[in-house]
Structures are given as structure tokens and as C-alpha cells.
Amino acid sequence: MAVNYNVFEHEKMKEMKALHPHWIWNRGDTHVILGVPGSLEAFKTPVEPGNSFSPGPGTYAVSTWLFADGRLHAPEEKELSELSWSFEEGCLPVLNSRWRAGDIAVSSSLFTDGDLELSDIRDYFTVELTNLASHAKEFSFYLVIRSFGPAGGPVKTLSCENGVVCINGAPLLFAEELPSG
């Protein structure tokens with residue numbers, strides 16, 4: 001008897017959504033899959049509009065949130081029309097996303113590359129924030145790591161030391177700029 005784990009995960013998600021209706025949930029309505037040609041499915045990266053992504057099925061989820069003008073802005077809660085999301089030059093396997101958090105413009109790029117023979121596949125993610133106001137703005141940027149997302153799985157432990165974020169005991173995120181927390 002074949003078990004469809006995808007259906008099982010969706011059912012668990014429905015239960016969680018009913019228990020926590022005010023949480024910010026992944027979109028689930030639109031996905032693009034990034035990957036190195038010929039790599040195993042485990043090394044593919046599901047991505048949602050706004051460049052929220054999971055670096056492999058059953059891993060964790062990564063998203064960008066901003067707190068500005070007294071409210072939290074997250075691409076998961078934006079209408080699709082509020083998100084600009086496209087491939088580089090219309091066809092290159094680099095996903096570019098642009099959206100606004102009030103007067104703050106959020107631009108991000110995401111691509112996957114690596115050595116297929118060594119199974120050393122990595123996601124490269126950059127975020128640029130631009131203040132479009134004529135005066136200084138105070139805001140907080142969050143690189144959110146969580147269990148549920150485009151293809152998220154359980155995050156049991158999360159730690160950060162010297163810019164390296166370890167998830168479930170494995171070093172998985174390397175920050176160019178050290179996070180404040």
C-alpha cells in the first residue's frame with residue numbers, strides 16, 4: 001500500500017492552522033523549484049513568491065520579514081499583485097523578488113549552484129533593503145527560520161555562533177553579516 005505523505009503533511013498543516021489562525025503561514029498557492037540539473041530531489045529548492053524558500057523537501061523554511069511603521073510585513077501575507085517575482089532576464093535560473101514594507105523596498109535574489117558529483121548543492125540568497133522615504137526610517141529586518149514553509153520540516157534546535165546558523169545540529173546558514181540575535 002502506497003502512502004501519500006504529501007496529503008498527510010497537508011492534513012497536519014490544516015490542524016495547525018485551525019489551532020493557530022493568527023500565525024503567518026506559507027502561501028502554498030504558487031511554487032518554483034530551483035536546482036542543479038541532474039541533482040536528486042532532496043537537493044531541489046521549493047520557492048514561493050517573495051523568495052520564501054526551503055532548501056530541500058522536509059527541511060526548514062527561510063523568509064524575510066520587516067517590522068516598519070508599527071506593523072509586521074511578510075511576503076506570505078501580501079497579495080500576489082504586491083510582489084514582483086521573476087527569473088533574471090526572464091529566463092536565467094536566478095529568482096528576483098521585490099516588494100514593499102511601507103517606505104522600505106525589499107529586493108532579494110536566490111539561486112542554487114554546486115558540485116553535482118560531490119552532492120555539494122547550495123542556495124545563495126541576498127537581500128537588499130532601501131529606504132524610499134525622504135527622511136530616516138526606523139525598521140527591523142528578520143531573516144526568519146521556521147518549521148513550516150514551502151517544503152518545511154521540523155526545526156528541533158536552532159543556534160547561531162560567529163555567523164553560522166545551525167539547524168537541528170548541522171551548519172546550514174552562513175551569514176555574510178553577523179546577526180544581532
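1. Confidence. The chain has a mean pLDDT of 86, with 94% of its residues at 70 or more. Within the chain, strand β5 (residues 71–73) has the highest confidence, at 96, and α1 has the lowest, at a mean of 68. Residues 1–5 have pLDDT below 50, and beyond near neighbours in sequence this stretch makes 0 contacts in the model. Where pLDDT is low, the predicted coordinates should not be read in detail.

2. Salt bridges, count. The model has 5 salt bridges, counting a side-chain nitrogen of Lys or Arg within 4 Å of a carboxyl oxygen of Asp or Glu. The points that follow take up several of them.

3. Glu-76 and Arg-146. These side chains form a salt bridge, with 3.3 Å from N to O. Glu-76 sits in the loop between β5 and β6 (84–88) while Arg-146 belongs to strand β10 (residues 139–146), so the pair ties together parts that are 70 residues apart in sequence. Glu-76 is buried, at 9% relative accessibility. Arg-146 is buried as well, at 10%.

4. Asp-29 and Arg-27. A salt bridge joins these two side chains at 3.3 Å, N to O. Asp-29 counts as partly exposed because its relative accessibility is 46%, whereas Arg-27 is buried at 16%, the cut-off for buried being under 20%.

5. Arg-122 and Asp-120. The side chains of this pair meet in a salt bridge of 3.0 Å, N to O. Arg-122 is partly exposed, with a relative accessible area of 44%, and Asp-120 is also partly exposed, at 32%.

6. A network. Salt bridges link Asp-69, Asp-103 and Lys-137 in a network.

7. Cysteines. There are 0 disulfides in the structure. Cys-160 is in no disulfide, and the nearest cysteine sulfur, that of Cys-166, lies 8.2 Å away; the cut-off for a disulfide is 2.5 Å between sulfur atoms. Cys-160 is partly exposed, with a relative accessible area of 43%. Cys-91 counts as exposed, at 59% relative accessibility.

8. Nonpolar surface patch. Met-16, Leu-19 and Trp-23 make up a nonpolar patch on the surface, and together they have about 300 Å² of accessible area. Trp-23 is placed in the loop between α1 (5–19) and β1 (32–34). With a relative accessible area of 36%, Trp-23 is partly exposed.

Note on methods: Residues are numbered from 1 along each chain as its sequence is written. This is a predicted model: local features need pLDDT of at least 70, side-chain atom pairs count only at pLDDT 80 or more; totals for chains, interfaces and linings use all residues. Side-chain values use heavy atoms; hydrogens and water are left out. Patches are made of residues with over 30% relative accessible area and no salt bridge: like charges are joined within 9 Å, nonpolar side chains (Val, Leu, Ile, Met, Phe, Trp, Tyr) within 5 Å. Accessible areas come from the Shrake-Rupley method with a 1.4 Å probe; for residues, only the protein chains shown count as cover. Helices (H or I, at least four residues) and strands (E, at least two) are DSSP runs, numbered from the N terminus. Buried means under 20% relative accessible area, exposed over 50%, partly exposed in between (1.4 Å probe, protein chains only). pLDDT is the predictor's confidence in each residue, from 0 to 100. Contact means heavy atoms within 4.5 Å.
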